[in-house]
Amino acid sequence: MADTLRQVTFERVANSSYEVRNARGGTIRVGSGGAETDFTPVELLLAAIGTCSAIDVDIVVSRRAEPTEFSAVVRGDKIRDAEEGNRMENLAVEFVVHFPEGEDGDKAREALPRAVKMSHDRLCTVSRTVELGSPVTTTVND
């Protein structure tokens, strides 16, 4: 059976500030978005959506040509709704990807739209989970 479990752990380092750690020892600071440079949870969600798709796209297009530019803007509107609860709407990923001139660059440019669509429609676990929805359970362990 394949190992499907993914997890991170976090510990509080100050009021509304946490250090998140993955199984490989990587860390990132997450906070409420005050004056600190910590990422907010919403920023992490946006980053996860964008970078998940970027990885899928990069794997496909860089086989044809190394991009000369590969960046993206990920945006959405944070909605505060007393009836349905807070959420994000109008999520969008806008890629800017350029390749060198020549046959390999042409092949990469041709593959780019298909790679973006394939990531969106099937491959990107993060955006697929957001779009399809998945229950989240929350418990307290004493």
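This is a predicted model: local features need pLDDT of at least 70, side-chain atom pairs count only at pLDDT 80 or more; totals for chains, interfaces and linings use all residues.
## Overall architecture

The protein contains 3 helices and 5 strands. In sequence order, these elements follow the pattern β-β-β-α-β-β-α-α. The radius of gyration is 18 Å, well over the 14 Å that the globule rule gives for 142 residues, so the protein is more spread out than a compact globule. Along the principal axes, the C-alpha trace spans about 60 × 40 × 35 Å.

Among contacts in the protein with a separation of 6 or more, 41% are accounted for by residues 24 or more positions apart.

Buried residues make up 23% of the 142 residues of the protein. The accessible surface amounts to about 10,700 Å², and carbon and sulfur atoms contribute 51% of that area.

## The largest nonpolar core

The largest nonpolar core has 12 residues. Its members are Ala54, Val57, Val60, Val61, Ala65, Phe95, Val97, Phe99, Ala108, Ala111, Leu112 and Ala115. Three elements, α1 (41–61), β5 (87–98) and α2 (103–123), each supply at least two residues of this core.

Val60 is one of the core residues. When its neighbours within four places in sequence are left aside, Val60 is in contact with Ala111, Ala115 and Met118.

## Thr40, between β3 and α1

Thr40 is found in the loop between β3 (27–31) and α1. Is this residue, Thr40, buried or exposed? With a relative accessible area of 16%, Thr40 falls under the 20% cut-off and is therefore buried.

Apart from neighbours within four places in sequence, the residues in contact with Thr40 are Val30, Gly31, Ser32 and Gly33.

## Gly26, between β2 and β3

Gly26 lies in the loop between β2 (17–22) and β3. Its relative accessible area is 30%. Because this value lies between the limits of 20% for buried and 50% for exposed, Gly26 is classed as partly exposed.

Which residues does Gly26 contact, leaving aside its neighbours within four places in sequence? They are Val20 and Arg21. Gly26 and Val8 are separated by 18 residues in sequence, and their C-alpha atoms are 9.8 Å apart in space.

Note on methods:
Residues are numbered from 1 along each chain as its sequence is written. Side-chain values use heavy atoms; hydrogens and water are left out. Helices (H or I, at least four residues) and strands (E, at least two) are DSSP runs, numbered from the N terminus. The radius of gyration is taken over C-alpha atoms; the globule rule is 2.2 Å times the number of residues to the power 0.38. Buried means under 20% relative accessible area, exposed over 50%, partly exposed in between (1.4 Å probe, protein chains only). Contact means heavy atoms within 4.5 Å. Accessible areas come from the Shrake-Rupley method with a 1.4 Å probe; for residues, only the protein chains shown count as cover. A nonpolar core is a set of buried Ala, Val, Leu, Ile, Met, Phe, Trp, Tyr and Cys residues joined through side-chain atoms within 4.5 Å.
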